Amino acid sequence: MKSLVLLLCFAQLWGCHSAPHGPGLIYRQPNCDDPETEEAALVAIDYINQNFPWGYKHTLNQIDEVKVWPRRPFGEMFEIEIDTLETTCHVLDPTPVAQCSVRQLKEHAVEGDCDFQLLKVNGKFSVAYAKCDSSPDSAEDVRKVCQDCPLLAPLNDTRVVHAAEAALTAFNAQNNGSNFQLEEISRAQLVPLPPSTYVEFTISGTDCVAKEATEAANCNLLAKRPATSQPQPEGANEAVPTSVVDADAPASSPVGAPGPLPSGSPIHTRDHSIYGFAAAPPVLPLHRAHYDLRHIFMGVVSLGSPSGEALHPRKIRSVVQPSVGAAAGPVVPPCPGRVRHFKV
């Protein structure tokens, strides 16, 4: 009798482990480096770069995890985690991100961490949910690569602001066209030896002529319009990621060749790359060293969940219900995928 009772207990225990919980949603886990998975990740990267209004484009570095859910009444939902790296191409730069250089460790690299959900219907992906944040490499790690490498500085640091204003004043002094005003300080670094400041920023054209402008407050920014890859008429709105050094340099220090600034394909002078202006950036925290992706990508609810219900960022992560067949011990696909550049 005791043996019979024990046998029944084992049978009940096995049934508890093998039976699916809840609705028993089935998902598949493709290889993180499968072409289909990479296609989804690249759509996510494009989404970041097309919706990031300031700062620099990001590129795919690694796919950490992927799950694919069936979605009623049609399609599939890809739940994917990716790591990104900041490039040297400004978001206003029309250069495809695949051709942009990655910001190296010695340049104080910035890494992004993103969660995406993409609906695939008839072979095409669309973003249903996006959440990202990004953080620069630690100062200690940068020092391991290069003892004298410059470190990121807060964008509102007085030395940074002074350097940007001094460079812009010098640029306007040499420019025969429109007077330009500072729009955005995009990146700044403090160089230890010799002590100096490196700053990259964007500017926009005004209705004032550079040689005649005396009071910036009396100049009005030209009407905003989307960036374009086609050359525009002289005097159109511009944005200039540019660099300057020593923050204590006088305003008359040369910063590059001036002149008409057509938008479209980048025009490279000694320290300048010129792009068309896209849109005014939203209000952001003041004391920051980089443009954090989290201030834009906090979640987008535009489609349904894998089960066809409303998509909730907190709930979707818990709906991980494999089928009964999955309990038989399937081979886990290799994830995370390959590192395309380097780990931060």
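When the bonded cysteines of the protein chain are numbered in sequence order, their pairing reads 1-10, 2-3, 4-5, 6-7, 8-9. The model is predicted, and a search of the whole structure identifies 5 disulfides. Three of these bonds are described below.

The disulfide between Cys32 and Cys335 has an S to S distance of 1.9 Å. The link is right-handed, with 105° about the S-S bond. Distant parts of the chain are connected by this pair, 303 residues apart: Cys32 belongs to the loop between helix H1 (2-18) and helix H2 (35-51), and Cys335 to the segment after helix H5 (313-316). Cys32 is buried, its relative accessible area being 0%, whereas Cys335 is partly exposed at 31%.

Cys89 and Cys100 are likewise joined by a disulfide, with 2.2 Å between their sulfur atoms. Because the torsion about the S-S bond is about -105°, the disulfide of Cys89 and Cys100 is left-handed. Cys89 is located in strand E2 (residues 76-90) and Cys100 in the loop between E2 and strand E3 (110-121), the two being 11 residues apart. Both cysteines of this pair are buried.

A further disulfide connects Cys208 with Cys219, at an S to S distance of 2.1 Å. Its torsion of about -110° about the S-S bond makes the disulfide left-handed. Since Cys208 is situated in strand E7 (residues 196-209) and Cys219 in the loop between E7 and strand E8 (238-239), the bond ties together parts that are 11 residues apart in sequence. Cys208 is buried, with a relative accessible area of 17%, and Cys219 is also buried, with a value of 7%.

How values were computed:
Residues are numbered from 1 along each chain as its sequence is written. This is a predicted model: local features need pLDDT of at least 70, side-chain atom pairs count only at pLDDT 80 or more; totals for chains, interfaces and linings use all residues. Side-chain values use heavy atoms; hydrogens and water are left out. A disulfide is a pair of cysteine sulfur atoms within 2.5 Å. Helices (H or I, at least four residues) and strands (E, at least two) are DSSP runs, numbered from the N terminus. Buried means under 20% relative accessible area, exposed over 50%, partly exposed in between (1.4 Å probe, protein chains only).
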